[in-house]
Amino acid sequence: MKLRLSTASLIFAGIAVAAAGMGKMKWSAETRALRTRLDAARRPVKPETVDFNTLMALPSPVQRFFRTVLKDHQPVLAGVRVKHHGMFNMSKSGDKWHAFTSDQMVVTQRPGFDWDARIGILPGLNVHVRDAYATGEGILHAALLGLFTVAHLHGSRDVAEGEIMRFLAEAAWYPTALLPSQGIRWDAVDASSAKATLEDGNVKQTLLFTFTEAGLIDSVRAEARGRTVDGRVVPTPWQGRFWNYAQRAGMSIPLDGEVMWMLPEGPKPYWRGRIAEIAYEFVQ
């Protein structure tokens, strides 16, 4: 009996290892295809350097932000590669946090990104998750072991708007993308906040940016971002926070962040992460 159980366990383990290997290959091929698509959609980045003289008409907290995190005449960013690690809340109603690691590619013009993550559910059992925005399309795909799809949203306007919102919010990590010269419109709100609007074709989003007294981004907020509930996309208030700023490649960027849904019963964080590595591609 023990021999039979041991044999069955070995067979099961072998199947699991084979499935994980197949899933990794399949997922990696999809990642390569999407990132090739992002590269193919690139546009020339103009101008090639930061010019503080162009900031004079911006709201005062936005001017202070750029003068704090950037340097005059420094090169503008064309792309970014980021590796994160952190925790992801898999529960829709409570707290069920699981560790994740991710690799993210960002292209600033035409705006797009691919966030490729692994979330550990059990030892040796990962959910592969992709959050992406490419050529005007939003993509959310989650698959157990990279093989068995548990969620796949794409093609709708709601998904595209949610993903371009993420691109705009995360520009705290690639701050030259927030310059007016890169297509962002800034509108004044008060002494510590302003609204930023990004348009890409027929996809458009606006976020409220709040800044610290030191001129750094403290939070970003949307009154309605698409939240998936029982297979439906429900507009829900959403907020991201940043802290632990440090110098990277001549810019001040936050190393830590948190993202949450602002529900009637209170904030529900679902992503907490830290930058493990970041590499910038400047216009040449």
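Strand β10 (residues 217–229) and strand β11 (residues 232–248) pair in the antiparallel sense, over 9 bridges. Strands here are DSSP runs of E of at least two residues, helices are runs of H or I of at least four, and both are numbered from the N terminus. Two strands count as paired if DSSP finds at least two bridges between them. This is a predicted model: local features need pLDDT of at least 70, side-chain atom pairs count only at pLDDT 80 or more, and totals for chains, interfaces and linings use all residues. Residues are numbered from 1 along each chain as its sequence is written, and side-chain values use heavy atoms, with hydrogens and water left out.

Stay with β10 and β11. Arg 221 stands opposite Gln 239 in β11. The two strands form a hairpin with 2 residues between them. In that turn, Asp 230 has a positive phi of about 55°.

Now follow β11 onward. Strand β11 also pairs with strand β12 (residues 251–263), again in the antiparallel sense, over 10 bridges. Trp 238 has Trp 261 in β12 as its bridge partner. β11 and β12 form a hairpin too, with 2 residues between them. Ala 249 lies in this turn, with a positive phi of about 55°. Ala 249 has that positive phi although it is not a glycine. What is the relative accessibility of Ala 249? The value is 47%, so Ala 249 counts as partly exposed. Buried means under 20% relative accessible area, exposed means over 50%, and partly exposed lies in between (1.4 Å probe, protein chains only).

Strands β2 and β3 run antiparallel and are joined by 8 bridges. Gln 104 faces Trp 115 in β3. A hairpin with 4 residues between the strands is formed by β2 and β3. Next, β3 pairs with strand β4 (residues 125–134) in the antiparallel sense, over 9 bridges. Gly 120 has Asn 126 in β4 as its bridge partner. β3 and β4 form a hairpin with 2 residues between them. Gly 124 sits in the turn, with a positive phi of about 80°.

The loop between β2 and β3 holds Arg 110. A cis peptide bond joins Gln 109 and Arg 110, with omega about -15°. Which residue does Arg 110 meet in a salt bridge? The partner is Asp 200, at 2.9 Å, N to O. This pair links distant parts of the chain: Arg 110 is in the loop between β2 and β3 (112–122), Asp 200 is in strand β8 (residues 193–200), and they are 90 residues apart. Both Arg 110 and Asp 200 are buried.

A salt bridge is a side-chain nitrogen of Lys or Arg within 4 Å of a carboxyl oxygen of Asp or Glu. By this rule the count is 20. One of them joins the side chains of Asp 103 and Arg 81, at 3.0 Å, N to O. That pair links distant parts of the chain, with Asp 103 in strand β2 (residues 97–107) and Arg 81 in strand β1 (residues 77–89), 22 residues apart. Asp 103 is buried, with a relative accessible area of 13%. Arg 81 is partly exposed, at 39% relative accessibility. Another salt bridge holds Arg 42 and Asp 39, at 2.8 Å, N to O. Arg 42 is partly exposed, with a relative accessible area of 28%. Asp 39 is also partly exposed, at 38%.

Is helix α3 enclosed or open? Of its 13 residues, 11 are buried, so α3 is largely enclosed by the rest of the structure. Among the buried residues are Val 159, Glu 161, Arg 166 and Phe 167. Helix α3 (residues 157–169) reaches 18 Å from its first C-alpha to its last, close to the 18 Å expected at 1.5 Å a residue. That expected span is 1.5 Å times one less than the number of residues.

Two loops complete the tour. The peptide bond from Lys 46 to Pro 47 is cis, with omega near -10°. Pro 47 lies in the loop between α1 (2–40) and α2 (60–69). Leu 145 is in the loop between β5 (137–144) and β6 (148–154). Leu 145 has a positive phi of about 60° although it is not a glycine. Leu 145 is buried, with a relative accessible area of 13%.
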